[in-house]
Amino acid sequence: MVTSVLPRVESLASSGIQSIPKEYIRPQEELTSIGNVFEEEKKEEGPQVPTIDLTEIESEDKEVRERCQQELKKAAMEWGVMHLVNHGISEELMDRVRKVGQKFFELPVEEKEKYANDQSSGNVQGYGSKLANNASGQLEWEDYFFHLIFPEDKRDLSIWPKIPSEYTEVTSEYARQLRGLASKILSALSICLGLEEGRLEKEVGGVEELLLQLKINYYPKCPQPELALGVEAHTDISALTFILHNMVPGLQLFYQGKWVTAKCVPNSIIMHIGDTIEILSNGKFKSILHRGLVNKEKVRISWAVFCEPPKDKIILKPLPETVSETEPPLFPPRTFAQHIEHKLFRKTQDNLSN
């Protein structure tokens with residue numbers, strides 16, 4: 001079967017078009033909620049994504065440590081997303097991660113095409129753009145680079161960018177440090193649920209099996225940003241997701257029935273609770289619906305690392321300690337692979353009924 005190859009969004013954006021192709025225009029009911037992201041970010045009134053200071057997350061002082069855990073717990077229960085500050089990853093390393101990713105995306109499109117993935121054959125690692133098989137049959141205003149970055153023995157370095165030359169070294173160091181941060185967060189969340197400290201880490205695959213997948217999202221300038229989305233509304237399937245960005249706003253969270261734009265907090269890492277932790281906690285911790293806006297003035301780039309359990313080795317279901325007579329299980333047992341299938345099926349059904 002020959003599929004028509006759509007141009008990369010970057011090529012479209014740089015071609016000088018004044019209006020975007022119809023495949024990128026969102027449905028009418030969505031358009032009413034898409035505003036100017038720079039104006040949205042300036043809004044001071046209304047709810048704001050919480051900022052959690054992790055300085056004391058492993059403090060020797062029990063009281064100080066517990067105060068930090070309680071703040072994390074509140075944010076995980078009410079929002080399921082937060083800006084982490086004082087997270088232990090240096091500003092210098094985060095800057096280097098941003099720099100090597102940006103340098104890769106500054107390469108000519110034909111150079112990036114050497115790393116193109118082949119989604120039709122199930123090979124999703126590499127350089128790509130969304131095909132029109134997503135929930136709405138529509139396209140999103142982004143190109144991306146996707147690859148597994150941890151554990152190190154599961155990586156396929158042959159598909160990692162060779163340019164810039166320091167890409168592998170910088171990204172590998174970031175992966176190691178982020179894996180340590182994921183353990184810290186999982187420990188604290190376990191304690192917040194009244195579980196043994198290592199419990200959630202074990203339930204999502206532990207040191208051997210928890211996978212870290214990096215997706216660099218590249219959102220070119222868009223001539224009609226009020227009609228498009230960089231990424232459509234979704235919840236993350238991961239256990240946790242950690243996000244860096246280039247300080248251009250775009251992330252929106254669906255909170256209490258309204259879209260809230262996340263501020264750009266310097267030196268922070270945005271963290272999402274994903275579906276996997278929502279299921280294990282029986283809904284106590286939230287996996288929030290979110291999307292990405294685009295704009296006409298600035299390119300936005302984000303670095304999302306999804307911490308995912310193995311596809312088939314673990315059955316995800318609410319942990320017995322989170323279930324009671326008054327709080328029955330909200331989710332049926334499924335493997336991670338089955339959860340992904342279920343979500344795709346549900347989105348397809350929703351789409352057909354619209």
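What share of the contacts in the chain with a separation of 6 or more is accounted for by residues 24 or more positions apart? I find that such residues account for 78% of them, a contact being heavy atoms within 4.5 Å.

Before going further I note that this is a predicted model, in which local features need pLDDT of at least 70 and side-chain atom pairs count only at pLDDT 80 or more, while totals for chains, interfaces and linings use all residues. Residues are numbered from 1 along each chain as its sequence is written, and side-chain values use heavy atoms, with hydrogens and water left out.

**Entry 1, overall fold.** I looked up the secondary structure and found 11 helices and 14 strands in the chain, where helices (H or I, at least four residues) and strands (E, at least two) are DSSP runs numbered from the N terminus. The chain is as compact as a globular protein of its length, because its radius of gyration of 20 Å is close to the 20 Å that the globule rule gives for 354 residues; the radius is taken over C-alpha atoms, and the rule is 2.2 Å times the number of residues to the power 0.38. Along the principal axes, the C-alpha atoms fill a box of roughly 60 × 50 × 45 Å.

Of the 354 residues, 52% are buried, with buried meaning under 20% relative accessible area, exposed over 50% and partly exposed in between (1.4 Å probe, protein chains only).

I placed Leu319 in the loop between strand 13 (315-316) and strand 14 (334-335), and with a relative accessible area of 3% Leu319 is buried. Leaving out residues up to four places away in sequence, Leu319 touches Leu195, Arg199, Leu200, Glu203 and Leu280. Pro266, in the loop between strand 9 (258-261) and strand 10 (269-273), is exposed, with a relative accessible area of 53%.

I found one cavity of 30 Å³ or more, a cavity being a set of points on a 1 Å grid over the protein atoms alone where a 1.4 Å probe fits but cannot get out, with lining residues having an atom within 4 Å of a point. The largest cavity has a volume of about 40 Å³, counted as the space filled by probe spheres set on the points, which are joined across faces, edges and corners. Its lining includes His245, Lys263 and Arg300.

Notes:
On a 1 Å grid over the protein atoms alone, a cavity is a set of points where a 1.4 Å probe fits but cannot get out, and a pocket is an open set with protein on both sides within 12 Å along at least five of seven lines; lining residues have an atom within 4 Å of a point.
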